[in-house]
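This briefing goes through one protein structure, topic by topic. Keep the sequence and the model open while reading.

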Amino acid sequence: MKKLLLILLLACTTRSFAQKIEFIVLGGYGATQTFYYSPGTSDKVLIALSKDGSIAEFGTEYPKEFYGYYPGKLQKYMGRIEYYSQTENEAFRGKIRYIGLTQITYYGSYDEEALRGKVRTIGSTQFNYYASYDDAAIKGNIKTVGGTAINWCPSYENEAIRGRLKNIGNTKFEWYTSFDDKAISGKVKQIDQYMFTYYTSFENNNGQKGMLKSGFFTKYINGINYYLRN
């Protein structure tokens, strides 16, 4: 009985501190895509990465009961922060090595050109990227986070959506193209089964041209929270 209880406790702990993409912020209604990754440690650090694998910010998420709570906004992390020394490989010297309990490694100057200086691992999770020989619109972008595959719109797609997200795992993205009204061109049109509409240039909408008309600002889809920003 004690052995069974211990196994159940370990299983619960593993689920509680699972490493994953916690949420994705689509800024400018999709013009930028920032991935917030949870290493799954007890200090609850979140690390934000741009689509090319650069660390944009890190911190801890404000509690939902916090006054003025804004989904996706991080508060400053006050714990341990260490950096690679100036004697380390030139591709990652001076970059962050530890955030709290989480170690971060990077691709070095000896790696393929499109990978150099990008985040290689956060904790035990591996990050892979599209190489220099891949399509020009996607080379250097994140390709996998652990076992999650990420695809991007290549250069043969419409000019307004090149380099935009195409799918994350089983979650598909669609975008308004340059054939649509200029006020909505390049904005996200659909994530999974959820649709978005915007005020167009032809609507009398009191200056809300290009602003969201229908759709969500926050939604949990296939294990990831999505936050839409204008």
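Ile 24 stands opposite Tyr 226, a residue of strand S20. The model is a predicted one.

- Strand S1 covers residues 20–27 and strand S20 covers residues 224–228; the two pair in the parallel sense, over four bridges.
- Both belong to an open sheet of seven strands, whose order is S5-S4-S3-S2-S1-S20-S19.
- The pairing in this sheet is mixed.
- Strand S5 (74–75) and S19 stand at the edges with a single partner strand each, so one side of each has no neighbour in the sheet.

**The sheet of 11 strands**

- Another open sheet is formed by 11 strands, in the order S6-S7-S8-S9-S10-S11-S12-S13-S14-S15-S16.
- Here the pairing is antiparallel.
- S6 and S16 are the edge strands, and each of them pairs on one side only.
- Within this sheet, strand S11 (residues 142–145) runs antiparallel to strand S12 (residues 148–152), and two bridges join them.
- Thr 144 has Ala 149, in S12, as its bridge partner.

**Aromatic pairs**

- How many aromatic pairs does the structure hold? There are 14 aromatic pairs.
- Two numbers describe such a pair: the distance between the ring centres and the angle between the ring planes.
- Tyr 84 and Tyr 106 have ring centres 5.8 Å apart and planes at 75°; an angle over 60 degrees counts as edge-to-face, so this pair is edge-to-face.
- Tyr 84 lies in the loop between strand S6 (81–83) and strand S7 (96–99), while Tyr 106 lies in strand S8 (residues 102–106).
- These two residues are 22 residues apart, and their pair links distant parts of the chain.
- Are Tyr 84 and Tyr 106 buried or exposed? Tyr 84 has a relative accessible area of 8% and Tyr 106 has 7%; buried means under 20%, so Tyr 84 is buried and Tyr 106 is buried.
- Tyr 194 and Phe 216 also form an edge-to-face pair, with 6.0 Å from centre to centre and 85° between the planes.
- Tyr 194 is in strand S16 (residues 194–195) and Phe 216 is in the loop between strand S18 (212–214) and strand S19 (218–221), so this pair ties together parts that are 22 residues apart in sequence.
- Tyr 194 is partly exposed, at 26% relative accessible area, whereas Phe 216 is buried, at 9%.
- Phe 23, Tyr 36 and Tyr 227 make up one aromatic cluster.

**Charges over rings**

- Arg 80 lies over the face of Tyr 98, and its distance from the ring centre is 4.0 Å.
- Lys 118 has its charged end over the ring of Tyr 129, at 5.6 Å from the centre of that ring.

**The chain as a whole**

- The protein chain has 20 strands and one helix.
- Its 230 residues include 44% that count as buried.
- A box of roughly 65 × 45 × 35 Å, taken along the principal axes, is filled by the C-alpha atoms of the chain.
- Among contacts between residues at least 6 apart in sequence, 29% join residues at least 24 apart.

Notes
Residues are numbered from 1 along each chain as its sequence is written. This is a predicted model: local features need pLDDT of at least 70, side-chain atom pairs count only at pLDDT 80 or more; totals for chains, interfaces and linings use all residues. Side-chain values use heavy atoms; hydrogens and water are left out. Rings of Phe, Tyr and Trp (its six-membered ring) pair if their centres lie within 6.5 Å; planes under 30 degrees apart count as stacked, over 60 as edge-to-face and the rest as tilted. Buried means under 20% relative accessible area, exposed over 50%, partly exposed in between (1.4 Å probe, protein chains only). A charge sits over a ring if NZ of Lys or CZ of Arg is within 6 Å of the ring centre and within 35 degrees of the ring normal. Two strands pair if DSSP finds at least two bridges between them. Contact means heavy atoms within 4.5 Å.
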